[in-house]
Amino acid sequence: MDTMAAIKQTFFQECEDQLVELETGLLAIEKGDHDPETVNAVFRAVHSIKGGAGAFNLGDLVHFAHIFESAMELVRTGKLMPTVPVVKTMLRAADVLADLVREARDGKRYDPSRSAVITAELTALAPPPAVEAEPFADFDFTPVMVDLSDFADLGGPAAPTGFRIGFTPRADLYAKGNETAILLREVERLGATVVTCDTSAVPLIDALDPEGAYLSWTVELDTDRDEAAVREIFDFVEWDSTLTIEPLGAPAAHPATPPDAEDGDPPVAPPTVASSRESGTPVPEAAPTPAAGSDKATVATAQATIRVDLDRVDRLIDLVGELVINQAMLAERVTEAGLARVSAVATGLDELEQLTREIQDSVMAIRAQPVKSVFQRMPRLVREVAAQVGKSVRLVTEGEATEVDKTVIERLSDPLTHMIRNAIDHGLESPEARLASGKAEEGLVRLTALHRSGRIVIEVADDGAGINRPRVRQIAVDRGLLSPDAKLSDEEIDNLIFLPGFSTAKMVSDISGRGVGMDVVKRSIQALGGRITIASRPGQGSSFTMSLPLTLAVLDGMVVTVAGQTLVIPLTAIVETLLPRASTVHSFGGSARVIGVRDSFIPLVDVGQVLEYRHEAADPKSGIALLVEAEGGTRSALLVDAIQGQRQVVIKSLEANYGRVPGIAAATILGDGRVALILDVDAVVSGSRTDQTTPDFSFALAG
């Protein structure tokens, strides 16, 4: 990749950050935050995209960003109030700007007709200034001729034309790749200049910060252009510098002290002067470009970041996974050799295990990212879907800083998209129906993320009408998905919407109604090792809760033995362990069995029989039951032969390295070098229900 392509790629990466800041600021303004800094942040985001796009000659992007920027300038200067309609227009403009950025990044030609409507709306926000009535229009003046020739010799020198510019960059200006010399050359294009560089703030070499900014410039510009033309040159760097622009006839302002200079720093050299264009002497080159700010307070508090290729991080994680496996193997070999009882060896192994765990946690933290990157895509989706179905919807997000592995984040977008579409299209009532039921016309969709018991929980909730259970049940019966005489609880009826081909839509649309959607969500969540549950209250709304692992690289598991095979059961699914007794185990309906746990009966699942490790059911009294919580919050007891212990294991994809195996989520390598399979708890429980013939649908329903 050549240098220009790399710079362009960096520009588009920064555009994504600017677009996030733009939408975040606009949403804050929409909620009533009219703080000048919030408005300035939005303006800077648009302005930065425009400035960068101009450097790469992206005409369509520059044109639209300029119109958007002009409208934001009116808000910034108080000439346009950020009312709800104004902000909604700007939110739609932000969507168009995002489309322009991505199509420019992908090298596609943007169709101007797609932005014609929003361009007209933005332009309408800045109407031409009204023509004021002439003062004294009602008076009748009689013109009088005055000969001023007698006073010609009394005239003083002509009023000076031009400006005195004071320019003091801060270190942030250089850190963003800007160059002072280029700015001074642009000023020179407006007319003859005399440039003075003030170096008095440069400290001695032992006190010099290579990332600092110590120079300031004074430019005397002779031009017939107005101040706006001069200010436009510095517009892109105005927030990272101290800038003064005064008419040449005005008294000189005191020069600003460079922000990185300290009291007592001795001057190194007197100010240097560069000749004007008339003398032909070029403007001096700027000092070497520092890389970052050097304010002592800034350096102490700012967090430096670097961009690292994701493949390198993945490689590091793989190597740390191998380190964990080898550490476990070493511990196994030491135990076999009988050396574990030696205090020095035991201490060394404990320290190695602790260090390995810390390294693994640190490396996993590198891939951890806040879910904010996914959540911030949803406001645009909500606006588009709400407009399509003619509903007024407000999205509230909470827990955006909750961190999860990047791999999980990348695969969250599709399930969340389906669920939010479903909440708006099916969950929320029409504005008329909401008003008739005493609700606010505007519907509410809440998107929440939080950590719970070593997992991430994401909830999509709405304040709509809730699930119409009689209708859902009838649709399932009509489509042959449910027996008419089946007895279902409310929770089981709610879970019918996850069945393949189930849909409550009355007509096919671009949003829903093609028989796909929530079953896709369920499969996507299960593929991530998670589960999804529903809670609904008629007339008050519904909530869909996804529980996902924090990472797809490691997990804490219980190592068990089943029919001579070693399996790993995710620890987050296990509630407690039980020793079955003859008095607590009951058979019914053929091979089905339940176990009594504190005045309730829970299905007992023989893992070895479900996975076909054995054909005959094992004796419960000779095994151990693991009480697990499966999908929908339902509980089952997994019957295993023995428990070997609890370990943290490295997840290896079985599907990528071998093939898909029903009931198995992944694989791992144990300390003795053997491959152990990681159990898919939900699949095993569902498989046992499908295979068993029971009179109660609650045992036969396969999610």
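Predicted model: local features only at pLDDT ≥ 70, side-chain atom pairs only at ≥ 80, totals over all residues.
Phe-64 and Phe-68 sit together in helix H3 (residues 59-76), four residues apart, which is about one turn of the helix. Phe-64 and Phe-68 make an edge-to-face aromatic pair, with 6.5 Å from centre to centre and 65° between the planes. Phe-64 is buried, and Phe-68 is buried too. The structure holds four aromatic pairs. Another of them joins Phe-11 and Phe-12, whose rings are tilted at 55° between the planes, with their centres 5.1 Å apart. Both Phe-11 and Phe-12 are buried, and together with Phe-56 they form one aromatic cluster. A charged side chain turns up over a ring as well: Arg-76 lies over the face of Phe-43, at 4.0 Å from the ring centre.

Next come the nonpolar cores. The largest one has 48 residues, and Leu-416, Leu-447 and Ile-458 have the most contacts inside it. Leaving aside residues up to four places away in sequence, Leu-416 touches Val-374, Phe-375, Met-378, Leu-447, Ile-458, Val-460 and Met-546. There is also a second, separate core, made up of 42 residues, including Leu-80, Leu-91, Val-101 and Tyr-110.

Leu-173 deserves a look of its own. This leucine lies in helix H6 (residues 171-175). With a relative accessible area of 0%, Leu-173 falls under the 20% limit and therefore counts as buried. Leu-173 touches Phe-167, Asn-178, Thr-180, Val-237, Asp-240 and Ser-241, again not counting residues up to four places away in sequence. Between Leu-173 and Phe-236 there are 9.7 Å in space, C-alpha to C-alpha, although the two are 63 residues apart in sequence.

On to the strands. Strands of a sheet pair through backbone hydrogen bonds, and they do this in either a parallel or an antiparallel way. Strand S11 (residues 531-537) and strand S12 (residues 541-549) go for the antiparallel sense, over seven bridges. In this pairing, Ser-536 has Ser-542 in S12 as its bridge partner. The hairpin of S11 and S12 has three residues between the strands, and in it Gly-539 takes a positive phi near 80°.

Further along, six strands build an open sheet with mixed pairing, in the order S15-S19-S20-S18-S17-S16. Strand S15 (574-578) and strand S16 (585-588) stand at the edges with a single partner strand each, so one side of each has no neighbour in the sheet. On average, and ignoring direction, neighbouring strands of this sheet are turned by 35° against each other. Within the sheet, strand S18 (residues 600-606) and strand S20 (residues 635-640) pair in the parallel sense over three bridges. Leu-604 stands opposite Ala-637 in S20.

Most residues other than glycine have a negative phi. Asp-599, however, is not a glycine and has a positive phi of about 65°. Asp-599 is found in the loop between strand S17 (592-597) and S18. Its relative accessibility is 85%, so Asp-599 counts as exposed, the cut-off being over 50%. Glu-612 also has a positive phi, near 65°, in a residue other than glycine. The loop that holds Glu-612 runs between helix H20 (607-610) and strand S19 (624-629). At 64% relative accessibility, Glu-612 counts as exposed.

Technical notes. Residues numbered from 1 in each chain as written. Heavy atoms only, no water. Phe/Tyr/Trp six-rings, centres within 6.5 Å; stacked < 30°, edge-to-face > 60°. Buried < 20%, exposed > 50% of the residue type's maximum accessible area, 1.4 Å probe, protein only. Helix = DSSP H or I, 4+ residues; strand = E, 2+ residues; numbered from the N terminus. Lys NZ or Arg CZ within 6 Å of the ring centre and 35° of its normal. Pairing = 2+ DSSP bridges. Axes fitted to C-alpha atoms, helices over the stretch in contact; angles between N-to-C directions. Core = buried A, V, L, I, M, F, W, Y, C linked by side-chain atoms within 4.5 Å. Contact = heavy atoms within 4.5 Å.
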